[in-house]
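Subject: Structure handover

Hello,

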Amino acid sequence: MNGLGNEILVVDLRGNSKVFKPQEVAAIASRPETHFDQMMVLYNPKTPGTTAYMRIYNADGSEVSACGNGTRCVGLSVAQSTGHSEMMLESGAGLLTVKVGSADRITVDMGEPKFGWQDIPLNEEFRDARAIELQVGPIDNPVLHSPSVVNVGNPHCVFWVDDVNAHDLGRIGPFLEQHPRFPEGANISLAQIVSRDRIVLRTWERGAGLTKACGSAACAAAVCAVRKKFVERKVTVVLPGGELEIEWTPAGRILMTGPAEFEHEGVLADGGAAT
């Protein structure tokens, strides 16, 4: 499947206890027929009332707690197989409510953002996550500086720029992803404020690289922009693959709305080969 071009492999292992090893995941991602940015593996529910428990992997085999585009894909898949338009999924980030209006309009409640330096996490205390000490380039004339940081199920670092295409994110992304400031790594985004309700975004995704769309990064940019008083609480985030609608509700929940689509399906045989 894909969400705005973000390649998602959904593997349904409900009724099965197999756990993928990192090298198995990376091998599956390396094959043209099963290449993915994220792999969403569904297991039997852990919490009563939920549809499935999800384990989420990046293409390099690392495991993460959240993937907004992937959750929309899972929601559409489950809705079409069960006929239920609303469901509760669970991941390492907690319980996620999904509502499927159509393939073009799937809403995921991504939960509440965390701004504490230990929650993101950072390697030292910063009392204000709206701007931390981190820069790229000369000390007296940095190219990028003072990013906002947040955890929306995974750690995000957002730099505010005048033009997202004026910087080589493919070059600086790997360095910043593994910067000592982020002991667990981080997703690195460049955000351009177009208006009070529109943000343009490019993201280097932790463990996956440059991506056409990152749903959690869109959520991160939106809530950080609200805290900076750049935008209203409901915005459109424009990604290379398309647009997402993000709303940070007065109750503190992040609602992400966007599309998902099927590409093809098959079977992963033992060892991960596709048939």
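The largest nonpolar core has 74 residues; a nonpolar core is a set of buried Ala, Val, Leu, Ile, Met, Phe, Trp, Tyr and Cys residues joined through side-chain atoms within 4.5 Å, where buried means under 20% relative accessible area with a 1.4 Å probe, protein chains only. V149, F159, F182, I188, L201, I246 and I254 have the most contacts inside this core. With 10 residues, helix 4 (residues 215-227) gives the most to it; helices are DSSP runs (H or I) of at least four residues, strands are E runs of at least two, both numbered from the N terminus. Another core, of 12 residues, lies apart from it, and V11, L13, F36 and M39 are among its members.

This is a predicted model: local features need pLDDT of at least 70 and side-chain atom pairs count only at pLDDT 80 or more, while totals for chains, interfaces and linings use all residues. Residues are numbered from 1 along each chain as its sequence is written, and side-chain values use heavy atoms, with hydrogens and water left out.

I246 is in contact (heavy atoms within 4.5 Å) with residues that include A218, C219, A222, V237, I254 and M256, leaving aside neighbours within four places in sequence.

In helix 3 (residues 169-177), the buried residues are L169, I172, G173, L176 and E177. They lie on the same side of helix 3 because they cover an arc of only 130° around the axis, taken from the directions from the helix axis to the C-beta atoms. Their cover includes strand 12 (155-160), strand 13 (187-195) and strand 14 (198-205).

The whole structure holds two cavities of 30 Å³ or more. A cavity is a set of points on a 1 Å grid over the protein atoms alone where a 1.4 Å probe fits but cannot get out, and lining residues have an atom within 4 Å of a point. Points are joined across faces, edges and corners, and a volume is the space filled by probe spheres set on them.

- The largest cavity has a volume of about 70 Å³. Of its 15 lining residues, Q38, N58, A66, N154 and E205 are the closest to its centre. Helix 2 (68-82) and helix 4 are the elements that give two or more residues to this lining.
- The second largest cavity holds about 30 Å³ of space. A66, C67, G68, T71, A93, L96, M110 and V152 line it.

Regards

Technical notes:
Buried < 20%, exposed > 50% of the residue type's maximum accessible area, 1.4 Å probe, protein only. 1 Å grid on protein atoms, 1.4 Å probe; cavity = no way out; pocket = protein on both sides within 12 Å on 5 of 7 lines; lining within 4 Å.
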